[in-house]
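User: Hi! I'm new to this one, could you walk me through it?
Analyst: Happy to, here it is.
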Amino acid sequence: MKHVTIRELTTTAELEEVFELEAFIWNRDDAVPPNQTITSVKNGGFVLGMFDERRLIGFQYSFPGFNGTEVYLCSHTLVVHPDYQKQGLGEQLKQAQRTLAEAKGYQTIQWTYDPLESVNAKLNLHKLDATSSEYIVNAYGELHDAINTGMPTDRLVVSWSSRPVKKQPVSIEDAKTVYPIEERNGVPVPGTVRYTEADVLLVPVPSSIQQIKQLSHEAALTWRLVQRSVLPPLFANGYSIVDYLPYGSHYAYVLTKERPDAD
């Protein structure tokens, strides 16, 4: 979309408009209040707004994070209005975030997302070439929006360099699958977990967890609990998720023990 522009937002009026858009997408109780975004903007954080002419159609909100040894940029919220989704605008916001993060001196950007959401996984791990080696169980407790209701809010922590790196492809021809995908009553579910040590491992992901939830909440919960049982031990054993690729009619996380990047 050639007429879309992205710029940093700093005024109270602009950040109140951001709040209203987030409240429209989620709800007012879960939207970040303007007094918090204003404070963050004045203390190392930033909000990027995406506009179709003068209409705010998306935004990205980040604030500083600290893990005890280093400062990084914590990417908290990315929103695109439903009228403008599935047009690559989320990726544009992320790339603008990366550019501004580097300009402000951040070396690393981190954020979380639901590891069962295929659209987010494809953007974060394949298009943006981020990585993940941390799994948080029920990160936000119980949420009541349409996407999260009835499911523990497990999340992957994504790490992304503010400076682009050249990605070296990972061959998955000899990869070992941690568990297969099976059909039970017409619903895809993870099969028996059975894997051995390998240079490359595949952890299958359903193509649409929201569709599975509509068909069978039990099947959706099974996906959550199986992922929870396999990803943290793999991370503890030195594996990282380095890509997200098609796996039959679904997808799979690609895990290796060394990040295949080159300068």
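Analyst: Two strands pair if DSSP finds at least two bridges between them. Helices (H or I, at least four residues) and strands (E, at least two) are DSSP runs, numbered from the N terminus. This is a predicted model, where local features need pLDDT of at least 70, side-chain atom pairs count only at pLDDT 80 or more, and totals for chains, interfaces and linings use all residues. Residues are numbered from 1 along each chain as its sequence is written, and side-chain values use heavy atoms, with hydrogens and water left out.
User: Thanks! In the hairpin of S13 and S14, which residue takes a positive phi?
Analyst: That is Gly248, with phi near 65°, in a hairpin that has two residues between the strands. S13 covers residues 240–247 and pairs with S14 in the antiparallel sense over seven bridges. Across that pairing, Ile241 stands opposite Leu255 of S14.
User: And how many bridges does S14 share with S12?
Analyst: Six, again antiparallel, with S12 spanning residues 200–205. Within this pairing, Leu202 has Val254 of S14 as its bridge partner.
User: Why is S14 largely enclosed?
Analyst: Because six of its seven residues, in the stretch 250–256, are buried. Buried means under 20% relative accessible area, exposed means over 50%, and partly exposed is in between (1.4 Å probe, protein chains only).
User: Switching to helices: at what angle do H1 and H2 pack?
Analyst: About 130°, with the axes of H1 (residues 12–25) and H2 (residues 34–41) 9 Å apart. Axes are lines fitted to C-alpha atoms, for helices over the stretch in contact, and angles run from 0 to 180 degrees between N-to-C directions. H1 and H2 are therefore oblique to each other; under 35 degrees counts as roughly parallel, over 145 as roughly antiparallel, 65 to 115 as roughly perpendicular and the rest as oblique.
User: Which residues make the contact?
Analyst: Thr12, Leu15, Glu16 and Phe19 from H1 meet Pro34, Thr37, Ile38 and Val41 from H2. Contact means heavy atoms within 4.5 Å.
User: Is Thr77 buried or exposed?
Analyst: Thr77 is buried, with a relative accessible area of 9%. Thr77 lies in strand S4 (residues 71–80). Leaving aside neighbours within four places in sequence, its contacts are Glu22, Val32, Phe59, Gln60 and Tyr61.
User: Nice. And where is Ile136?
Analyst: Ile136 sits in strand S6 (residues 131–136) and is partly exposed, at 30% relative accessible area. Ile136 and Thr153 are 17 residues apart in sequence and 8.6 Å apart in space, C-alpha to C-alpha.
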